[in-house]
Amino acid sequence: MMTLPLAFMGIGAQELLIIGGIALLLFGTRLPAVARSFGQSVVEFKKGMRDIDDEVKADLDDDKADQKEKQSQDS
């Protein structure tokens with residue numbers, strides 16, 4: 001019988017407990033600070049990706065506008 005995973009990518013409850021135990025052993029009382037820092041890093045990464053996505057979309061829109069302008073001048 002197959003159990004449903006509690007988290008993404010098939011990680012079950014036992015695996016999460018093992019990962020949590022290892023993290024607790026490695027970081028001890030600093031674990032909340034490490035988790036907070038990791039969360040802030042993820043937020044900054046997402047902001048950077050969103051900025052890059054916005055720049056690419058703006059460049060594509062500019063290219064489309066330039067092409068339309070060129071086509072209207074050729075006609």
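The model is predicted: local features need pLDDT of at least 70, side-chain atom pairs count only at pLDDT 80 or more, and totals for chains, interfaces and linings use all residues. Residues are numbered from 1 along each chain as its sequence is written, and side-chain values use heavy atoms, with hydrogens and water left out.

**Overall make-up**

The protein chain contains 2 helices and 0 strands. Both kinds of element are DSSP runs numbered from the N terminus (helices are H or I, at least four residues; strands are E, at least two). Of the 75 residues in the chain, 1% are buried. Buried stands for under 20% relative accessible area, exposed for over 50%, and partly exposed for values in between (1.4 Å probe, protein chains only). The accessible surface of the chain is about 7,200 Å², and carbon and sulfur atoms account for 63% of that surface. Such areas come from the Shrake-Rupley method with a 1.4 Å probe, and for residues only the protein chains shown count as cover.

Helix α1 has 15 residues and spans 21 Å from first C-alpha to last, close to the 21 Å expected at 1.5 Å a residue. That expected span is 1.5 Å times one less than the number of residues. Just after α1, Gly 28 has a positive phi of about 55°.

A nonpolar patch on the surface is formed by Ile 18, Ile 22, Leu 26, Phe 27 and Val 34, which together have about 440 Å² of accessible area. Patches take residues with over 30% relative accessible area and no salt bridge; like charges are joined within 9 Å, and nonpolar side chains (Val, Leu, Ile, Met, Phe, Trp, Tyr) within 5 Å. Helix α1 (residues 13-27) gives the most to the nonpolar patch, with 4 residues. Val 34 lies in helix α2 (residues 31-74) and is partly exposed at 31% relative accessibility.

The structure has 2 salt bridges, each a side-chain nitrogen of Lys or Arg within 4 Å of a carboxyl oxygen of Asp or Glu.

| Salt bridge | N to O distance |
|---|---|
| Lys 47 and Glu 44 | 3.9 Å |
| Asp 53 and Lys 57 | 3.4 Å |

Lys 47 and Glu 44 are 3 residues apart in helix α2, about one turn. Asp 53 and Lys 57, also both in α2, are 4 residues apart, again about one turn. An α-helix has 3.6 residues a turn, so residues three or four places apart point the same way. Lys 47 is partly exposed at 39%, as are Asp 53 at 36% and Lys 57 at 47%.

A negative surface patch includes Asp 51, Asp 54, Glu 55 and Asp 59 among its residues. Asp and Glu count as negative and Lys and Arg as positive, while His and the chain ends are not counted. Asp 51 is located in helix α2 and is partly exposed, with 45% relative accessibility.

Conventions. The place of a charge is taken as NZ of Lys, CZ of Arg, CG of Asp or CD of Glu.
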